[in-house]
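Take a walk through this fold, one element at a time. Keep the sequence and the 3D view open as you read.

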Amino acid sequence: MRQPSTHAAARSGGNKSRLARHFLAGLALWAGSLGLSLAAVHPVRGFLPDLKFSLQGAGGTTVTQQAFAGKVVLMFFGYASCPDICPTTMAQLAQVTEALGPQADQVRILFVSVDPHRDTPDILQAYVDQFDPHAIGLTGDEKAIAALARRYRVAYQIQSPDPEHPDAPYAVAHSRGIYAFDQKGKAVWLAADGESQEELLAALKPLLH
């Protein structure tokens, strides 16, 4: 699956196409080192750490993994102004949880932004609410995001915003993948963001009561 080999957050003034090429090479290397393909649902129990974070949610609240005790968590990293990957993944996960029917309440989608310059907690929550009313948008300062990204081997790069033109667009590149954690916060599988709804459902249902 498309999962990173490099560790978290570095800034770069490079253009988006160069960032994309860099990450594609890194993702292939990371997947190959573990014997993984680039499109599948992979068991990671014992290979990735438990769910643990302290980030900011809507309304200025501090949110930690304890808020999701007893829930199955589906977590992925992106940013609210992402033109294609992130909205597609959010829509996909919303369809998956909707297909669960009454069991959907046992699942929470966490969308972690790697772009704290533009994504405030309230902006993020408004963004994820468009897809799933139970989804949670989270962000934090650069240090907190980088630490969480390192913990789960997520790679991303942000073109440095121009201080003289803070509203000017800038490039963001990030690795792609959906992390699943069980009710005790144990990492159980990692899926390609392009995996089918049927495969995600098949991997998710055994985690539910």
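## From a hairpin to the whole sheet

Start at the hairpin of strand 10 and strand 11, which has five residues between the strands. Within this hairpin, Gly185 takes a positive phi near 80°. The model is a predicted one. Strand 10 covers residues 178-181, and it pairs with strand 11 in the antiparallel sense over four bridges.

How many of the five residues of strand 11 are buried? Five of its five are, and the strand is mostly covered.

Six strands form an open sheet in the order 2-11-10-5-6-7, and the pairing is mixed. Strand 2 (41-43) and strand 7 each have a single partner strand, so they stand at the edges with one side left without a neighbour in the sheet. From one strand to the next, the twist averages 25°. Strands of a sheet pair through backbone hydrogen bonds, and the sense can be parallel or antiparallel.

Move along the sheet to strand 5, residues 72-78. Why is strand 5 described as largely enclosed by the rest of the structure? Because seven of its seven residues are buried. Both faces are covered. On one side sit Val72, Leu74, Phe76 and Gly78, and on the other Val73, Met75 and Phe77, all buried. Strand 5 and strand 6 run parallel and are joined by seven bridges. Gly78 has Ser113 of strand 6 as its bridge partner.

Next, the helices. Helix 3 (residues 121-129) has four named buried residues: Leu124, Gln125, Tyr127 and Val128. Viewed down the axis of helix 3, these buried residues fall within an arc of 160°, so they line one face of the helix. What covers them? The cover includes helix 2, strand 6 (107-113) and strand 7 (136-138). Helix 3 lies across strand 6 and strand 7, and runs at about 150° to strand 7.

Helix 4 (residues 142-151) can be read in the same way. Its buried residues are Ile145, Ala146, Leu148 and Ala149. They cover an arc of only 165° around the axis, which puts them on the same side of helix 4. The buried residues of helix 4 pack against strand 3 (54-57), strand 5, strand 6 and strand 8 (156-158). Arg153 follows helix 4, and its phi is positive, near 60°.

Helix 2, residues 85-99, holds Gln95. Is Gln95 buried, exposed or partly exposed? Its relative accessible area is 43%, so Gln95 is partly exposed. Gln95 and Asp132 are 37 residues apart along the chain, and their C-alpha atoms are separated by 8.9 Å.

Consider Cys82 and Cys86. A disulfide is a covalent bond between the sulfur atoms of two cysteines. The structure holds zero disulfides. Cys82 is in none, and the nearest cysteine sulfur, that of Cys86, is 3.3 Å away. The cut-off used for a disulfide is within 2.5 Å. Cys82 has 7% relative accessibility and so counts as buried. Cys86 also counts as buried, at 0% relative accessibility.

## The protein overall

Finally, zoom out. The protein has five helices and eleven strands. Of its 209 residues, 49% count as buried. Among contacts with a separation of 6 or more, 74% are accounted for by residues 24 or more positions apart. The accessible surface comes to about 9,800 Å², and 55% of that belongs to carbon and sulfur atoms.

Definitions and conventions: Residues are numbered from 1 along each chain as its sequence is written. This is a predicted model: local features need pLDDT of at least 70, side-chain atom pairs count only at pLDDT 80 or more; totals for chains, interfaces and linings use all residues. Side-chain values use heavy atoms; hydrogens and water are left out. Helices (H or I, at least four residues) and strands (E, at least two) are DSSP runs, numbered from the N terminus. Buried means under 20% relative accessible area, exposed over 50%, partly exposed in between (1.4 Å probe, protein chains only). The arc is that of the directions from the helix axis to the C-beta atoms. Contact means heavy atoms within 4.5 Å. Two strands pair if DSSP finds at least two bridges between them. Axes are lines fitted to C-alpha atoms, for helices over the stretch in contact, and angles run from 0 to 180 degrees between N-to-C directions. Accessible areas come from the Shrake-Rupley method with a 1.4 Å probe; for residues, only the protein chains shown count as cover.
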